[in-house]
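Trainee: Could you take one part of this model and go through it closely with me?
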Amino acid sequence: MSQKNIVFIGFMGSGKTLVSKELEKILGRKRVSTDDLIEAKEGKSITDIFAEHGEEYFRACEKQAVEEVSGKSDLIIDCGGGIVLDPSNIDKLRQNGIIIHLSITADSVLENTRGTTNRPLLNVPDPRAKVQELLDQRRPLYETADYSVVSDNKTIPQLAKDILEVIENV
Ligand code: S3P
C-alpha cells in the first residue's frame, strides 16, 4: 500500500536537508529536494538562478517542482524554505502528504548557516536583520503545517527521533 509523502518545510538552516537524509536511511524511503530538482532542470545552481533570472523566476520553478512531486507517494520531500510563500504549494503537497514544519530561532539559523554562501537571500550585509525579517514574515505561513517539531539545539539523530514519534502517531 502506498504511503503519504513526508513533507518538510521550515526556514533556511532548520535542518530539513540533513534530517531528511537521515530519515531516508532509517525509513528506506526515497528523498527528493525541490531545490535539487530545480537545479537539475535549470542546469545551474540556485545562486546562479537568482543572479541571472531573479527570485520571481525561481519561485515559478519552485511551483513547477511542487507540481512534479506532489502527485507522487512514499517520498520524503525536502522543500526550499520559501515554498510557503505561495499557499497553493502547501495545498498541493498536502493532498498526498503530511506537512512537518521544523521550527527554529534566528540565532540558530545564523549559527547553522554561518560560513555558507549558497543561499542568495542571506548573502546580504546584515544577515541577522534579514533572517529576522523573513522569519517574522513567514511564521504564520509555516504555522499552517500539520505538525511542528522544534529543531533548535538538537543533533540530527535527536531531531530524526522526534520526527519519527510524530509520524508514528499519525
Ligand atoms: C530559500 C531557501 C533555500 C532555497 C533558496 C530560497 C528561501 O532552500 O530554496 O535559496 O526563500 O527560504 P533551503 O531552505 O533548503 O536553504
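Mentor: Happy to! This is a predicted model, where local features need pLDDT of at least 70, side-chain atom pairs count only at pLDDT 80 or more, and totals for chains, interfaces and linings use all residues. Residues are numbered from 1 along each chain as its sequence is written, and side-chain values use heavy atoms, leaving out hydrogens and water.

The search of the whole structure turns up 1 aromatic pair (ring centres of Phe, Tyr or Trp, its six-membered ring, within 6.5 Å).

Now to the ligand. Around it are 13 residues (a heavy atom within 4 Å), of which Lys16, Asp35, Arg59, Arg119 and Arg138 come nearest. By class, this shell has 5 nonpolar, 3 polar and 5 charged residues; Asp, Glu, Lys and Arg count as charged, Ala, Val, Leu, Ile, Met, Phe, Trp, Tyr, Cys and Pro as nonpolar, and the others, Gly among them, as polar.

Look next at the ligand's oxygen atoms. A polar side-chain atom of lysine 16 lies 2.5 Å from one, and a polar side-chain atom of arginine 59 lies 2.7 Å from an oxygen atom of the ligand. Glycine 81 instead uses a backbone N or O atom, 2.9 Å from a ligand oxygen. Taken alone, the ligand exposes 390 Å², and the protein buries 95% of that (Shrake-Rupley method, 1.4 Å probe).

Methods: A polar contact is a pair of N or O atoms within 3.5 Å; within protein, one must be able to donate a hydrogen and the other to accept it, and residues adjacent in sequence count only if both atoms are side-chain atoms. Rings of Phe, Tyr and Trp (its six-membered ring) pair if their centres lie within 6.5 Å; planes under 30 degrees apart count as stacked, over 60 as edge-to-face and the rest as tilted.
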